[in-house]
Amino acid sequence: MILVPGLWAPRAAMVPLALRLRAAGLRVRFYRSAPWRRTPAQEAARLAAFAAAQERPCYIGHSYGGVLVYETLAAEARAPASCALLLGAPVRGSASARWVRALPLARRLLGAAAELLCTERSVRWNRPEPLGLIAGTRSLGLGRLGARLAGPNDGIVRVLETEVEGATDRLELAVSHTGMLLSARVAAAAIRFLHHARFGTPC
């Protein structure tokens with residue numbers, strides 16, 4: 001299991017989720033991206049190499065980490081995988097990122113991640129491994145105030161920005177962008193998907 005944190009998030013941000021996964025008997029490793037030093041293509045190659053040391057791992061990526069997971073598995077056909085789960089990942093582009101890029105004093109905060117986050121696009125999953133998507137609908141976050149997000153959103157990412165054509169299953173939960181990493185409901189849904197390739201119905 002490979003956990004990939006978001007753009008500005010330290011590894012510690014995903015520790016609550018990691019602990020719940022470990023309690024369910026799953027082995028977890030962390031991957032940390034460096035968008036200020038590496039382009040998305042370089043990052044995808046590096047993540048694929050990191051995964052090659054494991055036997056068909058599943059990937060869980062939050063926010064930009066989820067975008068990297070998608071890009072890696074889409075671009076690196078030989079990257080080993082058993083499944084992928086994206087949490088609040090704006091794979092279709094981010095209105096919040098475009099708002100940040102428009103601010104003269106903040107645009108550098110995106111680094112090379114702007115290449116993916118600031119471009120609106122359609123995406124499709126063409127790999128045979130299961131892909132799960134979880135989107136938050138509790139609108140708490142800076143994006144809500146600055147980017148004036150339209151439609152259901154988690155305060156940073158709009159639900160429609162997380163959609164991937166051809167995904168195996170998707171789920172919307174009333175959690176915020178950061179809150180989803182602390183949520184027992186998100187962790188339980190993730191565990192169900194990892195075991196059954198479907199989110200199913202909570203017990």
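This note reviews salt bridges, helix packing, backbone geometry and a surface patch in a predicted model.

1. Basis. The model is predicted, with local features requiring pLDDT of at least 70 and side-chain atom pairs counting only at pLDDT 80 or more, whereas totals for chains, interfaces and linings use all residues. Residues are numbered from 1 along each chain as its sequence is written, and side-chain values use heavy atoms, with hydrogens and water left out.

2. Salt bridges. The structure holds eight salt bridges, each defined as a side-chain nitrogen of Lys or Arg within 4 Å of a carboxyl oxygen of Asp or Glu. One of them joins arginine 121 and glutamate 71 at 2.7 Å, N to O. This pair links distant parts of the chain, 50 residues apart: arginine 121 lies in the loop between H5 and strand E5 (131–136), and glutamate 71 in helix H3. Helices (H or I, at least four residues) and strands (E, at least two) are DSSP runs, numbered from the N terminus. Arginine 121 is partly exposed at 23% relative accessible area, while glutamate 71 is buried at 16%; buried means under 20%, exposed over 50% and partly exposed in between (1.4 Å probe, protein chains only).

3. Further pairs. Glutamate 43 and arginine 38 form a salt bridge of 3.1 Å, N to O; glutamate 43 is buried at 1% relative accessibility, and arginine 38 is buried at 15%. Arg92, Glu163, Arg170 and Glu172 are linked in a network of salt bridges.

4. Helix packing. Helix H1 (residues 15–23) packs against helix H7 (residues 184–196) at about 45°, with their axes 10 Å apart. Axes are lines fitted to C-alpha atoms, for helices over the stretch in contact, and angles run from 0 to 180 degrees between N-to-C directions. H1 and H7 are therefore oblique to each other, since angles under 35 degrees count as roughly parallel, over 145 as roughly antiparallel, 65 to 115 as roughly perpendicular and the rest as oblique.

5. Backbone. Most residues other than glycine have a negative phi. Serine 63, however, has a positive phi of about 60°; this residue sits in the loop between strand E3 (58–62) and helix H3 (64–75) and is buried at 12% relative accessible area. Alanine 197 also has a positive phi of about 60°, is found in the segment after H7, and is partly exposed at 23%.

6. Chain contact. Arginine 32 is located in the loop between strand E2 (29–30) and helix H2 (40–52).
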